[in-house]
Number of protein chains: 2
Amino acid sequence: MPTTMRDVALKAGVSIKTVSRVVNDSGEISEATRQRVLVAIEELGYRPSRLARALVTQRSHTVGLLVADITNPFFPEVARGVLDAAQTEGYNVFLCNTDGDPEQELHLLHSLADHAVDGIIIYPSYESGEYLQTFAGQYRPLVIVNYYHDQQGVSLVIVDHKRGAQLAVEHLIRQGHIAIGMLSGVRNPSLGKVRRIQGFKEALTAHGLPVVEEWIVANKEPTFADGYASTRQLLSQHPQITAIFAYNDLLALGAIRACNDLGRRVPADCAIVGFDDIPWAATSIPTLTTVRVDKYLLGYQAMTRLLEMLEQPELSFPPICMDVELIIRESA
Amino acid sequence: MPTTMRDVALKAGVSIKTVSRVVNDSGEISEATRQRVLVAIEELGYRPSRLARALVTQRSHTVGLLVADITNPFFPEVARGVLDAAQTEGYNVFLCNTDGDPEQELHLLHSLADHAVDGIIIYPSYESGEYLQTFAGQYRPLVIVNYYHDQQGVSLVIVDHKRGAQLAVEHLIRQGHIAIGMLSGVRNPSLGKVRRIQGFKEALTAHGLPVVEEWIVANKEPTFADGYASTRQLLSQHPQITAIFAYNDLLALGAIRACNDLGRRVPADCAIVGFDDIPWAATSIPTLTTVRVDKYLLGYQAMTRLLEMLEQPELSFPPICMDVELIIRESA
DNA sequence: CTGAAAGCGCTTACAG
DNA sequence: CTGAAAGCGCTTACAG
């Protein structure tokens with residue numbers, strides 16, 4: 001039985017309203033009674049119920065964060081950024097895994113809305129267009145990462161995938177590579193996948209290199225195991241390839257392992273570049289050259305934006321573009 | 001303006017109470033009016049507010065999860081387990097990072113209580129004894145991981161650290177090693193640290209090997225960088241060491257890298273065993289021999305236990321012991 | 001400077 | 001089988 005405002009009021013010999021006044025620091029109160037109430041609060045160990053407060057103010061000071069899978073090493077840092085930004089403002093955050101399933105996603109979105117979260121940050125799956133449309137229509141604000149969605153009350157955070165891919169390929173070309181393959185990521189047409197492939201091709205063309213479709217292989221999952229398997233296959237079928245650009249680091253790390261097992265030295269026989277710069281990219285042997293996305297900052301900015309939207313619901317905000325950076329290590 | 005129960009009642013031409021009846025499936029209602037209400041709910045897209053419901057039922061269907069740092073690769077899998085178990089029961093979970101700071105921890109604990117979470121799962125820091133004591137006294141239920149705390153309304157989940165350490169050392173001894181060093185983890189006396197060191201020493205003694213204190217080095221942080229640095233130092237000062245047991249995989253991975261840079265082949269010149277079996281342990285070069293903790297199961301069971309405590313508050317439950325398993329790979 | 005009333009959106013006994 | 005009243009723990013106008 002936690003103590004309530006009424007308990008404090010009784011103890012201090014004042015009305016509930018007066019207690020509310022000191023709790024919320026809403027001025028207009030004599031110092032004497034203020035102190036009396038403060039003492040009562042202290043003695044009773046009273047803490048106002050955010051739940052009850054939320055019901056009347058329509059502000060719960062909670063938000064939701066939906067990611068595909070927190071065990072994908074890309075997401076913990078994003079989450080950390082979100083959580084840190086949230087915490088400084090006294091917000092708590094619900095974490096949810098969608099597994100990239102649009103139905104699951106919608107289910108969770110509604111579940112969060114039922115809990116009256118003040119806003120939601122979501123990494124949508126690749127096919128959640130219509131779902132999102134209707135949900136966003138009735139629930140705001142929303143911050144959507146890596147997905148185009150033009151709607152009032154919705155803010156965007158977009159990573160510059162294309163430029164990242166270009167940086168990677170240009171680096172490879174600079175090293176003298178002319179036969180460059182790509183592990184192009186999951187089959188579904190995500191924004192990231194489309195843009196990274198686009199950047200890859202444009203960079204090749206810009207430097208007078210042909211685009212060989214057979215050298216661009218799709219993956220089932222963006223995982224180490226998949227990167228390993230597809231690299232073995234790619235290099236067996238097209239041994240002339242001397243460099244690989246991977247959709248993400250997990251795939252790239254798998255590619256390194258595949259080269260290792262195939263007796264191809266990295267980078268001497270096959271150079272490899274990843275994308276994301278997850279923590280172990282810096283610790284593999286050899287260390288991985290990759291395109292860094294500042295995941296922490298991404299999360300931090302997404303949450304900051306959400307807070308801004310909460311403060312000024314009438315404003316509309318421009319998309320946040322996340323810059324990328326080529327990190328040159330040993331693998332290329 | 002989300003639609004409320006009153007809106008539904010108006011539309012269906014019944015009382016609020018009747019709507020509540022069909023929403024909660026609490027029987028005693030004619031099929032005709034039931035259908036009428038259902039239609040109204042459907043048309044209005046009504047969803048009951050969990051907030052309002054929580055206020056009266058004193059059950060929010062939310063829980064809190066406190067970990068030191070979600071970017072430590074040990075925790076995402078734990079979190080995944082917790083989230084999966086929570087989701088099947090319709091619970092949402094607040095994630096918080098404590099950074100191992102007791103004050104921060106207490107602050108978050110209270111913040112969660114303010115939000116009326118039904119229970120909390122916590123990986124406490126090493127010095128939060130008194131804090132926890134008082135908090136647990138006024139707030140239940142609590143599931144505490146890797147920390148001894150005997151109190152009503154508190155359940156424990158404990159990893160068998162000692163046995164893990166013994167398995168690791170015995171494996172090393174079986175390979176013929178007699179000069180075995182240890183990276184003993186963070187300076188603070190956590191349960192895990194104490195138990196792992198204890199298991200390490202006992203295993204040596206049990207096999208007639210001396211315990212050399214200088215070969216057991218403490219670390220500032222359980223990270224790759226720290227593992228790298230302390231291994232370089234350890235092997236320079238005591239070159240006779242041919243095997244290292246590390247407090248966790250991050251340290252072990254750093255140790256591999258250090259050996260690599262020192263020109264010591266792993267495992268030929270120096271065998272290395274880690275602890276935890278984080279995902280990249282299986283993908284490093286060489287792959288890491290380690291003591292597996294089923295992190296997902298740990299989280300899943302912790303959440304399941306919390307749910308049980310919620311169902312049967314009067315019962316007291318025995319601690320959950322997490323078994324460990326030696327995973328033999330290439331590094332030892 | 002302080003308090004009594006109404007209400008946030010629900011559920012819980014209690015009547016009819 | 002259905003409804004009117006009270007209340008969960010707060011805040012928001014409105015009086016005094």
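Ala, Val, Leu, Ile, Met, Phe, Trp, Tyr, Cys and Pro count as nonpolar, Asp, Glu, Lys and Arg as charged, and the others, Gly among them, as polar. The legends below use these classes for a predicted model.

**Figure 1. The surface near DNA strand C draws on both protein chains.** There are 24 residues around DNA strand C. Ser15(A), Val56(A), Met5(B), Ser20(B) and Ala52(B) come nearest. Four helices each supply at least two residues of this surface: α2 (16-23) and α4 (50-57) of chain A, and α2 (16-23) and α4 (50-57) of chain B. The most comes from α4(B), which gives five residues. By class, the surface near DNA strand C holds 11 nonpolar, nine polar and four charged residues.

**Figure 2. The surface near DNA strand D also takes residues from chain A and chain B.** Around DNA strand D there are 24 residues. Those that come nearest are Met5(A), Ser20(A), Ala52(A), Ser15(B) and Val56(B). Two or more residues come from each of α2 and α4 of chain A, and from each of α2 and α4 of chain B. Here α4(A) has the largest share, with five residues. The surface near DNA strand D divides into 11 nonpolar, nine polar and four charged residues.

**Figure 3. Strand β2(A) pairs with strand β2 (residues 92-97) of chain B.** The two strands run in the antiparallel sense. Three bridges join them. What is the bridge partner of Phe94(A) in β2(B)? The partner is Phe94(B).

**Figure 4. Chain A is divided into three domains.** Domain 1 covers 5-48. Domain 2 is made of 60-160 + 295-324. Domain 3 covers 161-293. The centres of domain 2 and domain 3 of chain A, taken over C-alpha atoms, are separated by 29 Å. Their contact takes 13 residues from domain 2 and 16 residues from domain 3. The side of domain 2 of chain A that touches domain 3 has nine nonpolar, one polar and three charged residues.

**Figure 5. Six strands of chain A form an open sheet.** Their order is β7-β6-β8-β9-β10-β12. The pairing is mixed. At the edges stand β7 (216-219) and β12 (324-327) of chain A. Each has a single partner strand, so one side of each is left without a neighbour in the sheet. On average, neighbouring strands are turned by 15° against each other, direction ignored. Strand β8 (residues 243-246) and strand β9 (residues 271-276) of chain A run parallel and are joined by three bridges. Here Ala243(A) stands opposite Ala271(A) in β9(A). Helix α8 (residues 161-174) of chain A lies across β6 (180-186), β8, β9, β10 (289-293) and β12. The helix runs at about 25° to β12(A).

**Figure 6. Chain B has an open sheet of six strands.** The order is β7-β6-β8-β9-β10-β12, with mixed pairing. The edge strands of chain B are β7 (216-219) and β12 (324-327). Each of these has a single partner strand, so one side of each lacks a neighbour in the sheet. Neighbouring strands of this sheet are turned by 15° against each other on average, direction ignored. Strand β8 (residues 243-246) and strand β9 (residues 271-276) of chain B pair in the parallel sense over three bridges. In this pair, Phe245(B) stands opposite Val273(B) in β9(B). Helix α8 (residues 161-174) of chain B packs on the sheet. The helix touches β6 (180-186), β8, β9, β10 (289-293) and β12 of chain B. Its direction makes about 25° with that of β12(B).

Technical notes:
Residues are numbered from 1 along each chain as its sequence is written. Chains are lettered from A and ligands numbered from 1 in the order in which they are written. This is a predicted model: local features need pLDDT of at least 70, side-chain atom pairs count only at pLDDT 80 or more; totals for chains, interfaces and linings use all residues. Two strands pair if DSSP finds at least two bridges between them. Axes are lines fitted to C-alpha atoms, for helices over the stretch in contact, and angles run from 0 to 180 degrees between N-to-C directions. Two residues are in contact if their C-beta atoms, placed from the backbone, lie within 7 Å. A residue is near a molecule or strand if its C-beta atom, placed from the backbone, lies within 6 Å of it. Domain bounds come from an automatic or database domain assignment.
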